[in-house]
Amino acid sequence: MKKILLSISLLTCLFSSAQVIFTEDCTALTVGNVGTSTNGTTPGQNGWYTSVSTAAVPAGQNSDFQVISNAAPHGNVFQINGSASAATTTTSQSRAMFHDFTSDWAFRNAGNDIAILEYDFYTGPVSSSYNTLRTYIFDSNNKAVAGLYYAPGPISPTATPAVLTTGVIRGWAYIDNTAQTGGVVGYYTFKLGLDTSTTPATPIDVALTPNTWYKVGVSYNYNTGLVSWKEANGLFDSDDTGSIPGEPTVDLTQFRYSLNSATGNTSAATSIVDNIVLRFDATDTLLGVNSNTPFADNKLSVYPNPTVNTVNVTSTAGVLSNVEISDINGRIVKNVKIDNVNESQISVSELNTGVYMMKITSDQGTVTKKLIKE
């Protein structure tokens with residue numbers, strides 16, 4: 001069994017205020033389509049929504065969003081297939097999968113006003129495609145206030161933002177840049193490297209190695225609008241929005257992975273993502289801990305599995321508070337509150353035979369396990 005990105009027990013020890021809201025390593029997901037609809041309103045596996053613009057030509061398909069089996073140590077991963085067609089507007093060919101956290105944000109612990117999103121992604125081969133992988137955190141004004149922007153191939157010369165070298169990753173933010181000559185309120189990308197041979201140091205682009213896994217992250221401060229970006233091995237660690245205001249004090253709603261096209265595009269790229277973690281904290285702990293301990297494998301047990309009538313959930317780190325069971329289409333079929341104990345027996349006798357997802361919540365975070373009902 002592969003590792004989960006986040007060591008929740010270590011995180012809690014070092015950063016006691018942190019709330020781990022969502023983790024996804026795809027282990028509990030079924031290989032095949034993520035969802036059954038691309039309308040963005042019908043949940044798929046483990047509550048993931050998939051969406052393709054209605055302006056897309058050709059039209060989007062469920063098969064644009066896949067769970068695939070990857071080489072060790074990643075195992076199952078997400079794959080988004082981009083469009084080979086040119087975009088007529090910014091989003092006309094976009095393929096997006098997203099997860100909603102509106103209620104989690106609304107009921108977060110007091111002071112945990114920094115949203116932190118971390119994930120692994122695979123750069124893939126050098127490409128001639130104008131597709132770009134965009135990672136977004138959205139607010140309730142439908143603004144993509146923070147994110148990362150990766151170009152596996154060149155950017156269309158007529159695209160906005162400006163031309164990027166193949167394989168470049170940039171930060172993304174929605175900011176008010178009107179204090180600068182010609183600046184406007186809108187979306188900007190930020191170069192994440194620094195040329196220290198100049199005084200002052202000059203921002204430069206960071207190019208990633210083809211066919212390589214990277215662990216990256218983005219954080220957004222609700223109170224200040226400050227956005228930060230980081231790569232786990234120190235390739236970049238930047239908060240280039242600095243004192244430039246974004247859109248602070250607007251509630252957050254979802255995070256999204258979007259594979260977009262551009263004017264003049266004639267070929268498709270694919271993007272592979274894994275080990276996704278969303279947490280809220282009072283301080284910015286972006287990629288600040290060793291995150292390789294397999295919490296789901298070592299700290300939680302679900303047995304017997306397969307089962308007929310009952311299933312036991314046992315935690316060896318922390319106490320349980322809730323178990324939510326969903327069918328493979330993301331519909332919640334059972335929700336059980338648990339009185340802060342480390343073991344609970346849950347009846348599933350009323351459920352139909354099939355495969356389900358158990359979202360198990362404890363004071364150490366949330367983990368999803370697959371359950372087979374016979």
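How many cavities of 30 Å³ or more does the count come to? I get two. For the record, a cavity is a set of points on a 1 Å grid over the protein atoms alone where a 1.4 Å probe fits but cannot get out. Points are joined across faces, edges and corners, and a volume is the space filled by probe spheres set on the points.

Housekeeping: this is a predicted model, in which local features need pLDDT of at least 70 and side-chain atom pairs count only at pLDDT 80 or more, while totals for chains, interfaces and linings use all residues. Residues are numbered from 1 along each chain as its sequence is written, and side-chain values use heavy atoms, with hydrogens and water left out.

**Second largest cavity.** I looked up its volume and found about 30 Å³. Its lining (residues with an atom within 4 Å of a point) consists of Tyr 119, Phe 121, Leu 133, Thr 135, Leu 148, Tyr 149, Tyr 150 and Ile 169. Strands here are DSSP runs of E, at least two residues, numbered from the N terminus. Strand 7 (114-122), strand 8 (132-139) and strand 9 (144-151) each give at least two lining residues, and strand 9 gives the most, with three.

**Strand 7.** Is it mostly covered or mostly open? Covered: eight of its nine residues are buried, meaning under 20% relative accessible area with a 1.4 Å probe, protein chains only. I count two strands as paired if DSSP finds at least two bridges between them. Strand 7 runs antiparallel to strand 15 (residues 213-221), joined by nine bridges, and there Phe 121 has Tyr 214 as its bridge partner. Strand 7 also pairs with strand 19 (residues 270-281), antiparallel over eight bridges, with Ile 116 opposite Arg 279.

**Cores.** A nonpolar core is a set of buried Ala, Val, Leu, Ile, Met, Phe, Trp, Tyr and Cys residues joined through side-chain atoms within 4.5 Å. The largest has 50 residues, and Phe 121, Ile 169 and Tyr 257 touch the most other members. Apart from it I find another core of 17 residues, among them Val 302, Val 311, Leu 320 and Ile 325.

Next I checked an open, antiparallel sheet with the order 20-21-24. Strand 20 (300-303) and strand 24 (343-347) are its edges, each pairing on one side only. Strand 21 (residues 310-315) meets strand 24 over five antiparallel bridges, and Thr 310 has Ser 347 as its bridge partner.

Notes: Helix = DSSP H or I, 4+ residues; strand = E, 2+ residues; numbered from the N terminus. 1 Å grid on protein atoms, 1.4 Å probe; cavity = no way out; pocket = protein on both sides within 12 Å on 5 of 7 lines; lining within 4 Å.
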